[in-house]
Amino acid sequence: MMKEYLKYISIDPEIRFGKPCIKGTRISISDILQWMASGMSNEEILTDFPPLTEDHLHAALFYAAHREEVIKVVA
């Protein structure tokens, strides 16, 4: 699934100022991560935002994990 997450994410400068979003929506990866961080359950997110699926939520987490992995620390 790690590489497959990209099929759920798009970056378009015309949508949400180029923030990574779930394809076909204006829901950004950072929106999803903030909802999760605030304590919303997956079920609550999926109920509040019907265009999303479990695969979309996993894709957001994979995307964030991958970004964290490639960050370089400059000393």
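Predicted model: local features only at pLDDT ≥ 70, side-chain atom pairs only at ≥ 80, totals over all residues.

The protein chain is built from three helices and two strands, and the order from the N terminus is β-β-α-α-α.

**Chain overview**
- The protein chain has 75 residues, and 28% of them count as buried.
- Take the contacts in the protein chain with a separation of 6 or more: 35% of them are between residues 24 or more positions apart.

**Nonpolar core**
- The largest nonpolar core counts 15 residues.
- Ile-9, Ile-29, Ile-32, Trp-35, Ile-45, Leu-52 and Leu-57 are the ones with the most contacts inside this core.
- Two elements, α1 (29-37) and α3 (54-70), each give two or more residues to the core.
- Leaving aside residues up to four places away in sequence, Ile-9 touches Pro-20, Cys-21, Lys-23, Ile-29, Ala-59 and Tyr-63.

**Asp-31**
- Asp-31 sits in helix α1.
- Why does Asp-31 count as buried? Its relative accessibility is 17%, and the cut-off for buried is under 20%.
- Apart from residues up to four places away in sequence, Asp-31 touches Arg-16 and Arg-26.

Definitions and conventions. Residues numbered from 1 in each chain as written. Heavy atoms only, no water. Helix = DSSP H or I, 4+ residues; strand = E, 2+ residues; numbered from the N terminus. Buried < 20%, exposed > 50% of the residue type's maximum accessible area, 1.4 Å probe, protein only. Contact = heavy atoms within 4.5 Å. Core = buried A, V, L, I, M, F, W, Y, C linked by side-chain atoms within 4.5 Å.
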